[in-house]
Amino acid sequence: DRFLECKDCEKMIPDFIFQKINNKTLKRFCDHVLNCPDCREELTIQFLVSEGMNRLEEGDAFDLNHELAKRMVEARKRLSKIERFIRAGSVLEFIAMTAVLGVVFWIILR
């Protein structure tokens with residue numbers, strides 16, 4: 001993965017807000033936002049404006065800072081689940097290859 005630059009991160013903010021970001025991009029986005037105060041601030045501003053306008057129109061009570069933090073936590077959890085799934089798949093692939101090699105050696109040595 002290449003390093004995500006601030007200008008690229010800022011372009012991804014609307015996709016993050018509207019949950020239209022793929023998992024690979026989401027990981028890079030989250031990693032960058034967690035380590036870049038400027039992009040984190042831009043995300044907060046865009047989230048507050050976007051979601052705040054919707055909530056004002058609906059007349060609902062809201063705590064947008066809490067909701068943004070919750071959305072970031074949910075994104076990290078989703079990525080964590082995907083990474084565990086990939087690791088489990090790698091382990092199963094290793095076990096399958098080991099079994100196949102075992103059968104091949106058993107056939108050869110018979």
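**View 1. Glu5, in the segment before helix H1****.** Glu5 is placed in the segment that comes before H1, where helices are DSSP runs of H or I with at least four residues, strands are runs of E with at least two, and both are numbered from the N terminus. The structure is a predicted model, in which local features need pLDDT of at least 70, side-chain atom pairs count only at pLDDT 80 or more, and totals for chains, interfaces and linings use all residues. Residues are numbered from 1 along each chain as its sequence is written, and side-chain values use heavy atoms, with hydrogens and water left out. With a relative accessible area of 41%, Glu5 is partly exposed, a class that lies between buried (under 20%) and exposed (over 50%), for a 1.4 Å probe and protein chains only.

**View 2. Gln19, in the loop between helices H1 and H2****.** Helix H1 covers residues 6–17 and helix H2 covers 23–35, and Gln19 lies in the loop between them. The phi angle of Gln19 is near 55 degrees, which is a positive value in a residue other than glycine. Most residues other than glycine have a negative phi. Gln19 also counts as exposed, because its relative accessibility is 54%.

**View 3. The stacked pair of Phe16 and Phe29****.** A search of the whole structure finds one aromatic pair, where rings of Phe, Tyr and Trp (its six-membered ring) pair if their centres lie within 6.5 Å, and planes under 30 degrees apart count as stacked, over 60 as edge-to-face and the rest as tilted. In this pair, the rings of Phe16 and Phe29 are 5.0 Å apart, centre to centre, with 25 degrees between their planes. Phe16 lies in helix H1 and Phe29 in helix H2, so the pair ties together parts that are 13 residues apart in sequence. Both residues are buried, Phe16 with a relative accessible area of 3% and Phe29 with one of 0%.

**View 4. The setting of these sites in a protein of four helices****.** Buried residues make up 26% of the 110 residues.
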